[in-house]
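Q: Please go through the terms used for the model below. For each one, I would like the value and the rule it is set against.

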Amino acid sequence: ELSDHYDFSTDPSVQAAFDVSILDILEVELILEYTEDSRDPIMDELIVAADVGNFGFSAGRFYAPFGLYYSHFITGPLLEFSETRRDILLLDYDLLDRVEFAVFAFDGETRKSGDSKDDMGWGASVDALLLDGRLNLGAGFISNLAESDEEFLREENNIFQKKVGAWNAYAVYEADSWDVSLEVLKAQGRFREFDIGEDRPESWNIEAAYFPSNSFEVAFRYERSKELIDAPEEQFGIAFTWRLSNNVSMTAEYLQSDYKKGFVEEDDDIFVDAGNTIAMWFAFEF
């Protein structure tokens, strides 16, 4: 039996960011987030960073530099299944203000079956700005996809049989009145804990946006996924953003989702066939 799925929710959230620079060398950044589900503010990121010449060093709790997830929409792209926030040490090198190389390591929360210690994850990325900064190209690798915020192995107590890494690549071109982006992300191997057909997740996303004025933009998205549990196989939609003033903006979006037959189960013997998402976002900056 198949069913349509509709999403409509109001989830207010507030973020507060604090940034302190010391002698133009050392920088400390703290981001706190408050949501309706949390009684107290949550520390989203805490970064201590230093720059010496072309080298940069960062330490703290933040998101691994893996994946760009570039989007004009409220709802993040399906690519975000790889988003990973951990305690990270990062070293980067800037070449001619055009190319940046980064390597990082993080304290993991998963471990291999039979081991008593959690896994130590790592990754690397490269990001380049070309054509006077209009074209942004990048690629990266992360050693353990199970460490992502998606928590793929939560039901297995975060114990893996074999470590599964992932790679990504992206391109973003920005013109004066429009931009276009493409990003692809794919697991390098297969999760032995999952059934065939849902053990090697991947996704790609393409977006295009047009800016007829400084206060209005319209964006289009088309994305697909494969073997990504509980996610649509195909999704596309449109988003409108109005900048009402320098401090106030509003975004409205619509997304239509199509699911692989018999892949996402909503209730017993009822599978999701299609879905529709309507979302609105008000942003106040001060």
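Q: Which residue in β15 is the bridge partner of A209?
A: The partner of A209 in β15 is A219. The model is predicted: local features need pLDDT of at least 70, side-chain atom pairs count only at pLDDT 80 or more, and totals for chains, interfaces and linings use all residues. Numbering starts from 1 along each chain as its sequence is written, and side-chain values use heavy atoms, with hydrogens and water left out.

Q: What makes β14 and β15 a pair of strands?
A: Strands (E, at least two residues) and helices (H or I, at least four) are DSSP runs, numbered from the N terminus. Two strands pair if DSSP finds at least two bridges between them. Strand β14 (residues 202-213) and strand β15 (residues 216-226) are joined by ten bridges and run antiparallel, so they meet the rule. Two residues lie between β14 and β15, which form a hairpin.

Q: How many bridges join β15 to β16, and which residue in β16 does A219 stand opposite?
A: Nine bridges join β15 to strand β16 (residues 234-243), and the two run antiparallel. A219 stands opposite A239 in β16.

Q: How many helices and strands does the protein chain have?
A: The protein chain has zero helices and 19 strands.

Q: Why is R221 called buried?
A: Buried means under 20% relative accessible area, exposed over 50%, and partly exposed in between (1.4 Å probe, protein chains only). R221, in strand β15, is at 3% relative accessibility, so it counts as buried. Over the protein chain, buried residues make up 37% of the 286 residues.

Q: What does R221 touch, neighbours up to four places away in sequence not counted?
A: A contact means heavy atoms within 4.5 Å. On that rule R221 touches residues including F73, P77, E207, F236 and L255. The C-alpha atoms of R221 and P77 are 9.0 Å apart, although the two residues are 144 apart in sequence.

Q: What makes R221 and S71 a polar contact?
A: A polar contact is a pair of N or O atoms within 3.5 Å; within protein, one must be able to donate a hydrogen and the other to accept it, and residues adjacent in sequence count only if both atoms are side-chain atoms. The side chains of R221 and S71 are joined at 2.8 Å, so the distance falls within the limit.

Q: Where is H72 found, and why does it count as buried?
A: H72 is found in the loop between β5 (55-63) and β6. Its relative accessible area is 14%, so H72 is buried. A polar contact of 3.1 Å joins its side chain to that of D179. Among the contacts of H72, leaving aside neighbours within four places in sequence, are A209, A219 and A239.

Q: Which strand holds S257, and how do you know that S257 is buried?
A: S257 is found in strand β17 (residues 248-258). At 2% relative accessibility, it counts as buried. The side chains of S257 and Q235 make a polar contact of 2.5 Å.

Q: What makes R86 and E147 a salt bridge?
A: A salt bridge is a side-chain nitrogen of Lys or Arg within 4 Å of a carboxyl oxygen of Asp or Glu. The closest N and O atoms of R86 and E147 are 3.0 Å apart, so the pair qualifies. R86 lies in strand β6, and E147 in the loop between β10 (135-142) and β11 (159-160), 61 residues apart. Both R86 and E147 are buried.

Q: Which residues are linked in a network with R86?
A: R86, E109 and E147 are linked in a network of salt bridges. For E109 and R86, the closest N and O atoms are 3.6 Å apart. E109 counts as partly exposed at 38% relative accessibility, whereas R86 counts as buried at 8%. The structure holds 13 salt bridges.

Q: Which residues touch the most other members of the largest nonpolar core?
A: A nonpolar core is a set of buried Ala, Val, Leu, Ile, Met, Phe, Trp, Tyr and Cys residues joined through side-chain atoms within 4.5 Å. Of the 27 residues in the largest one, I88, F104, I142, L145, F152, L185 and F191 touch the most other members. Strands β4 (42-52), β6 (85-95), β7 (99-107) and β13 (178-187) each supply at least two residues of this core. Apart from it lies another core of five residues, among them F73, A219, A239 and L255.
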